[in-house]
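Hi everyone, thanks for coming. Let me put the structure up on the screen, and then we'll walk through it together.

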Amino acid sequence: MSDQTEKNSASCHGEQSVALEEHNPVIALVGVPNSGKTTLFNSLTGSNFKTSNYPGATVEYSAGNLISKIGFKSYVIDTPGIVSLNASSPDEEVTINGLFNHYKYGIPDIIISTADCTQLSRQLFLVKQLIDAGLNVIVAVTMNDLLENKGLELDSEKLSGLLGCPVIKVNSRKSVGIVELGLEAKKMFEDSLLTNFQAKVSRPKHPDENSIAKLYDFTEETERAVIRSKSKEIDIQAINEKIFKNINRKPDANSLKLDKFFLHPVWGMVIFVIAMGLIFTSIFWLARPIMDLIDSGFSNLSEAVSLILPQHTWYNDLITKGIIKGFGSVMTFLPQIVILFIYLGLLEDSGYLSRAAMLIDKPLSKFGLNGRSFVPMISGYACAIPAIMAARTIPNRRERYLTIMIIPLMSCSARVPVYALLLAFLVPPDKPWLAGLGLGALYLFSLISGSLVAAVISKFKKSDEKSTFMLELPAYRKPVLRHILKNAYHKSSVYVKQAGPIIVFISLILWALTYFPDIHPDISKDRTNGLNEQQIERLTESDRLNHSYAAKLGGIFEPVLKPLGWDWRIGVSLISAFAAREVFVSSMAITFSITDADDNDENLQKSMLTSMREAKQFGTDKPLFTIASTLALIIYFVFAMQCLSTVAVARKETGSWRIPLLQIVVYTTMAYVLSLITYNGLRLIGVS
Amino acid sequence: MDSLAAIKTVADMKIGESAVITTVGDDCIDIHCHCLRLMELGFTPGQEVTLVAKSPFKDPLAVSVRGTVIALRRNEAECIKI
């Protein structure tokens, strides 16, 4: 993104448009949240678009080329929804700045402002502000079908006359009015070439009560003039007024009926809990088979490549164990993330997501969070990276940072394999259900500990920035699957681009640490007795590792780990888990020289459990893995900031190192101290 | 206390109840109040509002205005006098 960081310090608009590079005409989509802006954007750009951040801020906008059949080569940008040109949050400030002084395009050549005609007086508020600011505005009227359901329709010619700008009715779902809108933009652009409209553009001053009331007087009058009864025969002004008063100021009737259930004081909460439970669990069982497929795909690839390349060379090892494994660990999490984004898209497009945020706002506000923190927190159970990115929707900066702060505590999917192994060790083999129960308890525990941390931080750090929760509950609508899939694909590719390089990079470092100084161990005959070739291979592998730099590093940490009942082998595995937590399991398999050659998962786990039971402590004959030391390990994984990709994303999203450093220091200390207490506490009461 | 009790706000409404807004903000006790934002959202004097729903904890409230429904926290709803 370095090409987008050009700085524009020119203060005058006219001067600035000269300073900018030549580019295609820019059409900016502007509108109130839920006015159908993003759906229209999808129709205007077809399948090509990319999202970018405004420089220095985490406010995201999408941009793409206008569909070619219109014959107007231009660039369409979709800005985040705003209520008015008066910013009430830092993110809105960035968005509005972009309309008057975009860092790359200056003033947009054309503004397409979406207006939901079922609530026209509200929506025209922003439209009128845009027109008054001197921008080139075209109004795209949306939700015409909902208005028709009420037996009303909008007179677009009349509206155009009253506003003094083109007005076009669109239906993005049925591609109605899209081409007309594009052609209108083309015409307006060509007309504007002769005038220097940019020179007259000025940002409105901070409003007061009077100016808001005056603006609303205009929009109400306009609404009354342009909305009419659909059946023209009985179009008498008096009846019109009546219909108008009774019907058009009422929200969508179907949504009101549905909200009787979804926002019911008791049933609303029951539906909420069941819906979240279903979504949550299904993410896991839907993603599992695909994840396994990807996992075995990469293992097979690694094996195949290893056979092709010359044996026992460093580059063979680098490619198969460093690069391919690294990419593998990036891709394994992709199914969960894609499914999560599809669910979020469905919830958002249907209109339920804002209701869910409303239901949960009160409990979350007790911990200094906000109803809008809900989606990021839920996403954190799949992966912290998209979760932190989802926190952008929280307008209050403090609440956003607090949400980002606690997301790493949510029990992400990379912890599952670790917990599965450690719980299997703790639970008697004849009671496997206990492990499931333990996993459930850990999920709950992560939610509680996250809330407590948020509560403690918000207690210590008071803020003047007042917390607000004003969220529109849009009419329920049938989601457009095509758009949801497109967005899910898009957001997932952002994950791959953001987290991917970091995970691969760390995998490479870890590979180097475990491969060098490249010792070829001499395995004595009596150790290989009765073992097949593959088992000898693994024994060699483990001996190599025992002499690697990683082992030395683990050795350095051993004095720190000893009070927790762990040795350097666990230390090495913990270090390697910095790439992704689940790597802990495969690393344990190597450090404890699992000699069972079967690639069968169940056998691998069984032999790992056997080795864990046989592992001895610090040259004594006491077992290394006890209930106390294993529970301490679980506690460590609950709290430790173990994922470097999360650190990088937190840095990017908050724009400074403060939060990520705080996360590393606080969570790692917490993890260490609480593990220490767990281990020694349990030993004190006789559980060893 | 007596004089305050006479002023009814959106926060005092029952589910399904409608009323007309008289003032927004005005004598707000809270200096950080977001009254201008409430007005920008459409809560202007003279508008009819209806309380659509309350969440289980009686906060936030869902209030309909100008053809849409907006969820507000109780303390925000208290700024809207009816």
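A quick word on what you are looking at. This is a predicted model, in which local features need pLDDT of at least 70, side-chain atom pairs count only at pLDDT 80 or more, and totals for chains, interfaces and linings use all residues. Residues are numbered from 1 along each chain as its sequence is written, while chains are lettered from A and ligands numbered from 1 in the order in which they are written.

When I say helix or strand, I mean DSSP runs numbered from the N terminus: helices are H or I with at least four residues, and strands are E with at least two.

Now, which strands make up the open sheet of 5 strands? The order is 10(A)-5(B)-4(B)-3(B)-1(B), with antiparallel pairing; two strands pair if DSSP finds at least two bridges between them. Strand 10 (470-473) of chain A and strand 1 (18-20) of chain B stand at the edges with a single partner strand each, so one side of each has no neighbour in the sheet. From one strand to the next, the twist averages 30°.

Look where the chains join up: strand 10 of chain A and strand 5 (residues 68-72) of chain B are linked by 4 bridges. Met470(A) has Leu72(B) as its bridge partner, and Glu472(A) has Ile70(B).

Helix 14 (residues 352-365) of chain A packs on this sheet, touching strand 10 of chain A as well as strand 4 (61-65) and strand 5 of chain B. The helix direction makes about 140° with that of strand 10 of chain A; axes are lines fitted to C-alpha atoms, for helices over the stretch in contact, and angles run from 0 to 180 degrees between N-to-C directions.

Next, let's move to strand 1 (residues 26-31) of chain A. Is this strand enclosed or open? 6 of its 6 residues are buried, so strand 1 of chain A is largely enclosed by the rest of the structure. Buried means that 20 or more other C-beta atoms lie within 10 Å of a residue's own, with C-beta atoms placed from the backbone; 12 or fewer is exposed, and in between is partly exposed. Val26(A), Ala28(A) and Val30(A) point one way, and Ile27(A), Leu29(A) and Gly31(A) the other.

Strand 1 of chain A pairs in the parallel sense with strand 4 (residues 75-78) of chain A over 4 bridges, and Ala28(A) has Ile77(A) as its bridge partner there. It also pairs in the parallel sense with strand 5 (residues 110-116) of chain A over 5 bridges, where Leu29(A) stands opposite Ile112(A).

That's my tour, so please jump in with questions.

Note on methods
Two residues are in contact if their C-beta atoms, placed from the backbone, lie within 7 Å.
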